[in-house]
Amino acid sequence: MSAALTAVPDHAILLETRALGFYRQDEPVFASLNFRLRAGELGLIEGDNGSGKTTLMRILAGLLHVDEGELYWRGQPLQRDRCVGEVLFLGHQLGLKADLSPAENLQVAGGLHGYRAQTTLSAALTEVGLSGYEDEPVRRLSAGQKKRAALARLVLLPATLWLLDEPYANLDRTGIALVNRLLEEHLARDGAALVTSHGTVSFHGGEPQRIRMHA
Amino acid sequence: MSRPGLTTACAAMLRRDLTLAWRRRGDIAMPVLYALIVTMLFPFALGPEDTLLQRIAGGVVLVTILLAMLLALDAMFSSDIEDGSLEQLVLAPQPLALMLAMKILAHWLTTALPLIVISPLLAGMLHLPTSVMPVLMLALLLSTPMLSLLGAILVALTAGTRRSGMLLALMLLPLCVPVVIFAAGAVAASQQGLPWLAPIAWLGAALVLLLVLAPLACAAALRIALDA
């Protein structure tokens, strides 16, 4: 199987894992995980609580080291600096400063990552439904609005691969539709995304690749 | 997909941390008030004898400012770790060490600089001769950044441990001994009319070394802290 994998060079493959495994105190969190993610493809990571979805996300983002197996980014072994700037990670902790407004938070992110062409900060905030709350400190926003403020990063910042850990959490019906719309637009731009969810996700833009987590 | 330049990124970081500090300006006043009160206690405890107070003034001001900085040090990275900002910073396409250097600079500007500004007042309460004040300020300008940088390494190393505040003090204070010796040495030399440039030059040399190495050490320590 692995020989066949290496034989076909496929430039559309963005991310590939080979026999990826992670251990906590010698207990496997997950093991022998194989999947490939192509440009324009959505990967849906499924698994129960504690099955290692968040751990996998943190490994792929480069926050955790690889215990076992190999990770490839555009066909090259993944190194910390190679895919930096191409990956956008949205985790459980949203990375928003509570004392700053959504606009100020986005300005910091834009200052670090740069802005995607043809987007503006106010347009991004309007798109996620936060117009009118630009200057409100994040601490006064509701959990769903905080999530939307973090999602505005997806609209504003340039990235090829989105790693979204529980993007639907805390969101209302329109928020879930918003995430799906952002994902569809991103995939249409030849981006790729990995999404974790322990609930059921109804995604309309084609059938996502389902990646099942198991120990 | 143009990546912003280093200047833009540094400015964004610096402005973020300064804005955050300004939103919580009460926290800036805390170390200043602490230093004022501690210095005020010395004349009460030792009696208002000019000669005695003059002799200890330089050392007392230095140690007080060191302890006051210690109060605020703990918070340098903790809120960023809690709300996930640090993860975002680590993943940003910018050199982490330089971004952390900006955070340390912002921290120094908001905690050490106010203390340096009130240091003539502190020294005045202990009857330090005004001719020595410039040397004291110079020694503080060189030694406080060193404390910020040393402290940042230790905060990064103890990030994620519980009750890190006390541990931090126990680890940082021994490292501060050389800094205090040279800074107080310069003040004492100037007070006695001796040349004081040599200890100041040593402080400067050590500061340059730390300026280069400390952000790199911080970056490595925080990456390890997140990888757990």
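Reader: In strand 4 of chain A, which residue is the bridge partner of Gly21(A)?
Author: Residues are numbered from 1 along each chain as its sequence is written, while chains are lettered from A and ligands numbered from 1 in the order in which they are written. This is a predicted model, in which local features need pLDDT of at least 70 and side-chain atom pairs count only at pLDDT 80 or more, whereas totals for chains, interfaces and linings use all residues. Strand 1 (residues 13-24) and strand 4 (residues 68-73) of chain A pair in the antiparallel sense over 5 bridges, where strands are DSSP E runs of at least two residues, numbered from the N terminus, and pairing requires at least two DSSP bridges between them. Within strand 4 of chain A, Gly21(A) has as its bridge partner Glu68(A).

Reader: Which strands of chain A stand at the edges of the sheet?
Author: The sheet of chain A is open, with 4 strands in the order 2-1-4-5 and antiparallel pairing. Each edge strand has a single partner strand, so one side of each lacks a neighbour in the sheet; these are strand 2 (27-38) and strand 5 (76-77) of chain A.

Reader: Is Pro178(B) buried or partly exposed, and how many other C-beta atoms lie within 10 Å?
Author: Pro178(B) is found in helix 8 (residues 164-191) of chain B. Its C-alpha atom is separated by 9.9 Å from that of Ala206(B), 28 residues apart along the chain. Pro178(B) is partly exposed, and the number of other C-beta atoms within 10 Å is 14.

Reader: Which helix of chain B gives the most to the side that touches chain A?
Author: The contact, defined by C-beta atoms placed from the backbone and lying within 7 Å, takes 25 residues from chain B and 26 residues from chain A. Helix 1 (6-23) and helix 5 (85-91) of chain B are the elements giving two or more residues to the side of chain B that touches chain A. With 8 residues, the one that gives the most is helix 1 of chain B.

Definitions and conventions:
Contact = placed C-beta atoms within 7 Å. Buried ≥ 20, exposed ≤ 12 C-beta atoms within 10 Å, placed from the backbone.
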